[in-house]
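Colleague: I have a model open and want to learn how to read it. Can you take me through it feature by feature?

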Amino acid sequence: MISVEEALEKVLSYVEVLEPERKPILDCLGQVLAEDVYSDIDIPPLDNSAMDGYALRAKDTRGASESSPRYVVVVGEVAAGSMPTKEVRPGTAIRIMTGAPLPEGADAVVRFEDTDEVNRKSSGGDLSQIGILCQVKKGLNVRSRGEDIAKGDLILKKRKVLRPQEIGVLASLGLSTALVIRRPVVAVLATGDELIGIDQPLAPGKIHDSNNYAIAAEVSRYGGIPKILGIGRDSVQSLTEKINEGLDADMLITSGGVSKGDYDIVKDVLAEHGEVGFRTVCMKPGKPLAFGVIRKTEGGREKKVPHLGLPGNPVSSMVTFEQFARPAILKMMGKKILAKPAIRAIIEDDVVNTDGRRLFARVSVTRRGGQYHASVTGPQGSGILTSMAKANGLAVIPENSKGVKAGDMVEVQMLDWGEEQGEVKTLPIVSIVGKSRSGKTVLIEQLIAEFKRRGYKVAALKHSRGRMEIDHPGKDSWRFAKAGSDAVLVSSPGKLAFIKNLDHELNIEEIMPIVGPDFDLVLVEGFRKSKTPKIEVHRKELGDDLLCSPEELSAIVTDGSLDTDIAQLPWGDTVAIADFIEKNFVLKSQDGAFLPPPHEGRGLGEENVYRRDIDHQ
Ligand code: AMP
Ligand code: MG
């Protein structure tokens with residue numbers, strides 16, 4: 001039996017990112033951009049007005065107020081879409097509409113509300129001159145040329161998933177098409193002699209085929225194009241025929257015929273046409289799962305169509321689809337984030353896990369009092385599809401757990417949340433390690449100052465071996481702690497202090513949710529056993545050996561030179577060291593590129609370790 005992670009890794013190894021295609025931007029929603037998009041225009045193309053009002057020279061409003069208006073002569077009007085025909089000379093103004101180009105000579109726009117226009121109009125007064133009721137500064141209500149997008153700028157990066165706002169940006173650049181990774185065509189085949197089509201009346205012993213529909217809908221939801229092959233019978237001939245019909249697709253998903261009873265037929269048929277790996281995956285529901293490739297020849301060349309054989313039980317097929325087919329489709333589409341967003345929730349029912357497999361329990365998640373709660377959606381038989389219909393999440397009970405009790409925290413995959421919702425900014429953490437007296441603290445001090453200068457928000461975390469005297473004896477906070485409160489918070493307008501009594505020291509991952517999401521970089525002193533990226537400070541006078549083994553280090557800061565492949569940065573050159581950290585950690589994390597792909601051997605439990613979880617309680 002292989003783990004869910006091993007199975008996922010295997011499945012993903014069978015699929016590749018598809019080739020790009022160019023198509024109309026409106027057809028690209030949800031697809032991944034396959035080119036960098038630069039602008040060859042300025043947006044806005046000209047300085048223009050952000051308000052309906054009067055374009056004039058700011059100078060001419062000097063001293064203006066309601067009681068003492070400044071009068072200017074109105075020499076024309078300009079609407080959005082047309083060009084001004086006159087210039088604004090001293091003492092004059094041009095009536096201007098939002099979006100209209102700013103006339104030559106003008107440097108500000110005064111809103112109608114700040115003029116006496118309304119009064120003049122209602123009293124049938126002269127509109128050839130207007131009173132300005134307030135003094136304005138140069139640039140007021142003026143949108144300057146190129147302030148949104150400047151000609152030559154990189155506007156959208158390759159690999160970006162196109163959302164409505166990106167489609168809008170492409171349109172604003174005047175681009176009617178985009179190059180995107182194409183959507184995969186996924187052939188969907190149900191198997192079983194008991195199945196009849198949904199438009200057929202039920203006959204004794206028969207059931208309607210629901211899997212084809214649920215699976216095809218899943219394929220569409222994740223951006224694929226489903227091609228329903230219909231129902232294959234439990235015979236070699238029928239399956240062979242159907243499978244052949246599906247070979248022009250990018251992937252074939254079958255359901256049924258992989259459990260003990262039918263095992264051999266599907267296996268024989270698939271083995272004849274390609275490689276097939278039947279695996280028992282350590283999960284429930286969904287233990288039996290087949291994956292492999294089917295060979296076909298196309299234009300004299302052999303091609304391989306990846307195949308995923310899901311179990312027949314409707315719930316099992318959906319749960320396994322979510323874990324394996326969904327990420328495979330997303331990978332083919334070129335998406336970076338393959339993991340379903342997960343949250344931590346309080347489970348409201350006991351769930352027992354008897355046979356040491358990873359249990360996916362169908363749950364309904366609600367949010368109450370700032371906390372997620374998950375309740376099991378009735379009987380959990382893998383044929384009970386309505387339990388899936390009532391669910392919006394899958395609670396994940398690890399294989400090494402005997403189950404959970406009501407009130408325990410569980411991880412829940414949120415079925416209806418998009419993967420990109422899980423793309424939270426990663427919080428870059430860098431540990432500065434080194435022997436005692438190597439100068440770690442000095443370096444961190446300098447780095448903090450340097451990163452502040454560069455405009456970043458920095459948090460610093462210090463590891464201390466001994467006890468800390470933060471809550472000074474006699475203070476209220478100290479008295480509350482003394483009285484037995486497990487945590488004491490002291491809040492003032494400018495600061496928040498948080499003091500929590502612990503029975504064991506927390507690791508960095510446990511501390512980060514408390515630090516919160518508002519930082520661009522966390523600099524850590526010490527914690528050399530943590531898995532965070534580490535930079536070691538090495539000083540000649542303390543010997544040539546290092547505290548950490550080279551594989552653990554991202555760089556060495558040294559005042560000597562060491563015989564090693566690791567990047568060496570000069571001790572004392574804070575700018576170079578900050579450059580290294582900025583380039584390798586801070587900027588990478590802002591790119592989202594720092595996220596390890598979910599299949600890189602990371603257990604579900606660790607999913608959020610280096611990520612700012614959306615809801616890490
Ligand atoms: P199998 O994996 O073929 O042994 O099927 C397991 C169970 O799932 C059986 O009770 C099947 O009747 C049911 N099943 C298989 N395929 C479908 C389908 N397409 N729609 C609904 N139920 C199915
Ligand atoms: Mg069957």
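Modeller: Start with helix H9, residues 440–453, which lies across strands E28, E29, E32, E33 and E34. This is a predicted model, so keep that in mind throughout.

Colleague: At about what angle does H9 run to E32?

Modeller: About 170°. Helix H11, residues 508–515, also packs on the sheet. H11 touches E28, E29 and E32, and its direction makes about 140° with that of E29.

Colleague: What is the strand order in that sheet?

Modeller: First the general idea. Strands of a sheet pair through backbone hydrogen bonds, either parallel or antiparallel. Here, 6 strands form an open sheet in the order E29-E32-E28-E33-E34-E35, and the pairing is parallel. E29 (458–462) and E35 are the edge strands, each pairing on one side only. From one strand to the next, the twist averages 25°.

Colleague: How many bridges join E29 to E32?

Modeller: There are 5, and the two strands run parallel.

Colleague: Which strands stand at the edges of the 5-strand sheet?

Modeller: That open sheet has the order E7-E4-E6-E5-E8, with mixed pairing. Strands E7 (108–111) and E8 (129–132) stand at the edges. Each has a single partner strand, so one side of each is left without a neighbour in the sheet. The twist averages 40° from one strand to the next. E5 (residues 70–78) and E8 run antiparallel, joined by 4 bridges. Arg70 has Ile132 in E8 as its bridge partner.

Colleague: Now charges. How many salt bridges does a search of the whole structure find?

Modeller: The idea is simple. Side chains of opposite charge can pair when their charged atoms come close. The search finds 33 salt bridges. Take Arg358 and Glu5, whose closest N and O atoms are 3.0 Å apart. Arg358 lies in strand E23 and Glu5 in helix H1, so the pair ties together parts that are 353 residues apart in sequence.

Colleague: Is Arg358 buried or exposed?

Modeller: Buried, at a relative accessible area of 6%. Glu5 is buried too, at 15%.

Colleague: What does Arg539 pair with?

Modeller: Arg539 and Asp559 meet in a salt bridge, 3.0 Å from N to O. Arg539 sits in the loop between E33 and E34, and Asp559 in the loop between E34 and E35. They are 20 residues apart. Arg539 is buried, with a relative accessible area of 15%. Asp559 counts as partly exposed at 24%. Another pair is Arg111 with Asp114, at 3.1 Å between the closest N and O atoms. Arg111 is partly exposed, at 29% relative accessibility.

Colleague: Which residues are linked in a network of salt bridges?

Modeller: Glu450, Arg453, Arg454, Asp579 and Glu582.

Colleague: And cysteines? What does the disulfide count come to?

Modeller: A disulfide is a covalent bond between the sulfur atoms of two cysteines. The count here is 0. As for accessibility, Cys28 is buried at 0%. Cys134 is partly exposed at 22%.

Colleague: How do I read one side of a helix? Which residues of H3 are buried?

Modeller: Look at which way the buried residues point. In H3 (residues 164–172), Glu166, Ile167 and Leu170 are buried. They cover an arc of only 105° around the axis, which puts them on the same side of H3. What covers them includes strands E2, E10 and E11. Just after H3, Gly174 takes a positive phi of about 80°.

Colleague: Which residues have a positive phi although they are not glycine?

Modeller: Arg159 is one, with a phi of about 80°. Arg159 lies in the loop between E10 and H3, and counts as partly exposed at 43% relative accessibility. Arg437 is another, with a phi of about 70°. Arg437 lies in the loop between E28 and H9. Arg437 is exposed, with a relative accessible area of 78%.

Colleague: Last point: where are cis peptide bonds found?

Modeller: Check omega. From Ile43 to Pro44 the peptide bond is cis, with omega near -10°. Pro44 lies in the loop between E2 and E3. The bond from Lys284 to Pro285 is also cis, with omega near 0°. Pro285 is in the loop between E18 and E19.

Methods. Residues are numbered from 1 along each chain as its sequence is written. Chains are lettered from A and ligands numbered from 1 in the order in which they are written. Side-chain values use heavy atoms; hydrogens and water are left out. A salt bridge is a side-chain nitrogen of Lys or Arg within 4 Å of a carboxyl oxygen of Asp or Glu. Buried means under 20% relative accessible area, exposed over 50%, partly exposed in between (1.4 Å probe, protein chains only). Two strands pair if DSSP finds at least two bridges between them. Axes are lines fitted to C-alpha atoms, for helices over the stretch in contact, and angles run from 0 to 180 degrees between N-to-C directions. Contact means heavy atoms within 4.5 Å. A disulfide is a pair of cysteine sulfur atoms within 2.5 Å. The arc is that of the directions from the helix axis to the C-beta atoms.
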